[in-house]
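Hi,

Here is the model I promised to pass on. Have a look at it first, and my notes follow below.

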Amino acid sequence: MTEPAAHHDEWVRRPAAAEQGTNCTAAQYAEMYARSMADSDGFWLEQAQRLDWSRQPTKAGDWRFDPVSIEWFVDGALNICHNAVDRHVAAGNGDRIALIFEPDDPAGEVRRITYADLQAEVIRMANTLKKMGVAKGDRVTIYMPMVPEGAFAMLACARIGAVHSVIFGGFSPEAIAGRVEDCASDWIVCADEGLRGGKTIPLKDNVDAALAKASVKAVLVVRHTGGDVAMTEGRDHWYHDLSQGVPGECPCEPMNAEDPLFILYTSGSTGKPKGVLHTTGGYAVWVETTFRYTFDYRPGEVFWCTADIGWVTGHSYVVYGPLQNGATALMFEGVPNHPDHDRFWATVAKHKVNIFYTAPTAIRALMREGAEPVNRHDLSSLRLLGSVGEPINPEAWRWYSETVGKGALPVVDTWWQTETGGVMITTLPGAHDMKPGSAGRPFFGISPQLVDGDGTVIADERTGGAASGNLVIDRSWPGQSRTVYGDHDRFVQTYFSTYPGKYFTGDGCRRDADGYYWITGRVDDVINVSGHRMGTAEVESALVLHDKVAEAAVVGFPHDIKGQGIYCYVTLNAGEEPGEELAAELRNQVRREIGPIASPDHLHFTPALPKTRSGKIMRRILRKIAENETGALGDTSTLAEPGVVDTLIEGRLNR
Ligand code: 6R9
């Protein structure tokens with residue numbers, strides 16, 4: 001690909017305080033990273049020792065990428081719920097706080113759940129699931145707000161060996177139905193309603209609407225807001241009723257390391273969302289280890305990851321990572337700007353949060369409000385800041401570091417994906433200096449490479465050097481997804497066919513001469529809207545369902561707050577007229593099919609789309625027009641009808 005662009009990256013020295021008492025100095029990182037490459041088995045079997053296994057593994061990785069087959073710790077057996085909950089109680093730490101719940105309404109009731117409480121709650125949920133008929137291997141759909149019962153449900157599934165599939169509360173009934181059907185899930189756990197920024201989210205109503213299209217055996221409903229919801233006799237059960245009288249004990253099912261733990265649906269460049277499957281042993285070791293080192297976690301500290309449990313970040317760093325480390329994790333139900341723009345900072349001060357992990361889109365939105373809301377609060381408890389979900393622009397990084405961190409805290413910019421299970425590229429707080437905008441260095445066991453269009457390696461850890469290209473990973477790691485649920489061919493096709501023998505991330509990246517990686521964003525038809533992955537094809541499918549729409553093409557465009565916004569080009573059937581009313585219908589159509597997070601920012605009605613002679617839509621041109629870069633359209637000679645471009649530019653929305 002291209003030569004690395006000239007850049008002016010700036011070093012930010014790691015604070016001296018971050019080196020004191022760190023679990024990983026620069027020298028230790030170098031030594032541990034080298035060992036993780038040279039003796040992967042020895043390294044990972046050793047990391048795995050921090051967990052309890054009912055059968056010790058004797059081998060770590062057993063994998064190949066061509067043909068694709070991935071196993072880790074395959075002869076080991078363990079239960080991740082035991083590791084996240086029971087063993088801390090057994091070790092005498094039952095009084096430690098596992099979860100702090102901060103409700104949407106700041107005047108509402110804070111819940112502090114100790115590890116002993118958590119054990120009791122998870123057992124109650126697990127036995128209730130069993131009473132409903134859930135058995136080992138069954139898929140259980142969880143559609144919950146950010147309340148502790150969401151975590152209880154995940155852990156309860158893990159405890160009894162059921163496979164959870166958490167669906168973000170912002171997804172629509174259509175999306176629920178599709179996911180329930182895709183993994184043949186017979187069970188749903190939901191709440192009556194969710195609360196976000198003072199608004200109620202009709203979770204149970206959405207489930208009811210979904211179940212007009214898909215069917216399940218039973219729905220377990222947790223009462224949260226107390227709102228009025230319909231209960232279908234014989235199918236729906238209130239948790240507080242059904243859990244009456246369940247036994248107070250429930251053994252953790254010993255799981256083989258490669259038994260499935262969860263499915264999480266994520267968008268790709270084609271087709272409907274994929275059910276990314278993670279298994280038990282490798283994921284457990286990966287999130288325990290990445291949590292411990294990325295955040296340099298110290299016992300007693302309060303860790304706050306603002307992600308929803310409906311995303312992988314919530315799975316790995318609200319639930320499984322912190323709890324396996326015996327940490328105290330804050331669960332926040334609300335949003336950053338309710339009741340005011342200081343909510344994050346008020347919450348940090350209220351609960352004396354030590355480690356704060358959020359997304360660039362939130363940082364950018366809060367940056368707009370200036371320093372005043374931040375300075376209203378005493379943030380002296382903070383020791384470390386983290387970012388995840390999309391590239392963080394250096395300006396936002398600096399604001400985060402200086403205004404929130406008072407220039408005194410390490411900032412970790414963690415690059416990873418649903419498919420990677422946990423953090424892959426980051427600086428480690430006590431080991432690395434930082435560069436605003438760069439994720440940093442590979443985590444232990446991670447071997448990133450930059451390849452050109454032909455798959456030739458142009459920079460990696462062995463050769464060193466600076467280059468830009470597509471980011472691939474050339475060896476497996478414990479937290480790697482094993483397959484797409486029910487469609488292994490799609491797994492192979494999506495991740496291993498572009499560059500045979502390597503895992504293709506879908507991201508572009510630059511490696512600089514210091515070995516720091518700079519993620520430049522997706523190189524496929526996936527866009528990242530407020531840190532949420534969205535396939536442009538999904539939005540297009542939703543648009544063309546409207547009977548007035550002939551064709552749709554969706555691209556991302558730079559958006560100040562969201563990172564990327566959704567720009568939709570739409571052509572209409574003959575005789576149909578564009579207008580505000582139709583635009584509103586189309587927006588609603590997308591919200592109904594996917595959810596509010598996929599709402600188009602711009603609808604651009606056009607008589608035609610630019611196509612090649614073979615009929616391929618030229619998205620490159622559409623992207624440029626959406627970006628207002630109409631002077632740099634590049635080669636348009638392969639267009640079937642070059643005039644289309646002028647029409648598009650004329651019709652371009654004034655932004
Ligand atoms: C954890 C998560 C994955 C995609 C990924 C990349 C982008 C995530 C990033 C980042 C730059 C970071 N991404 N973290 N880009 N710097 N620190 O977000 O998973 O929802 O699957 O999204 O997000 O493009 O490929 P997921």
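Predicted model: local features only at pLDDT ≥ 70, side-chain atom pairs only at ≥ 80, totals over all residues.

**Cysteines and ligand site**

There are zero disulfides in the structure, a disulfide being a pair of cysteine sulfur atoms within 2.5 Å. Cys-157 takes part in none, and its nearest cysteine sulfur, in Cys-81, is 10 Å away. For Cys-190, the closest cysteine sulfur is that of Cys-157, at 13 Å, which is too far for a bond. Cys-157 is buried, at 1% relative accessible area, and Cys-190 is buried too, at 0% (buried means under 20% relative accessible area, with a 1.4 Å probe and protein chains only).

Residues are numbered from 1 along each chain as its sequence is written, and side-chain values use heavy atoms, leaving out hydrogens and water.

Around the ligand are 17 residues, of which Asp-413, Thr-414, Thr-418, Asp-507 and Arg-533 come nearest (near means a heavy atom within 4 Å). A ligand nitrogen lies 2.8 Å from a polar backbone atom of Thr-414, and an oxygen of the ligand is 3.4 Å from a side-chain N or O atom of Asn-528; a polar contact is a pair of N or O atoms within 3.5 Å. The protein covers 96% of the 530 Å² of accessible area that the ligand has on its own (Shrake-Rupley method, 1.4 Å probe).

Best wishes

Key:
Polar contact = N/O pair within 3.5 Å; in protein donor to acceptor, adjacent residues only side chain to side chain. Buried < 20%, exposed > 50% of the residue type's maximum accessible area, 1.4 Å probe, protein only.
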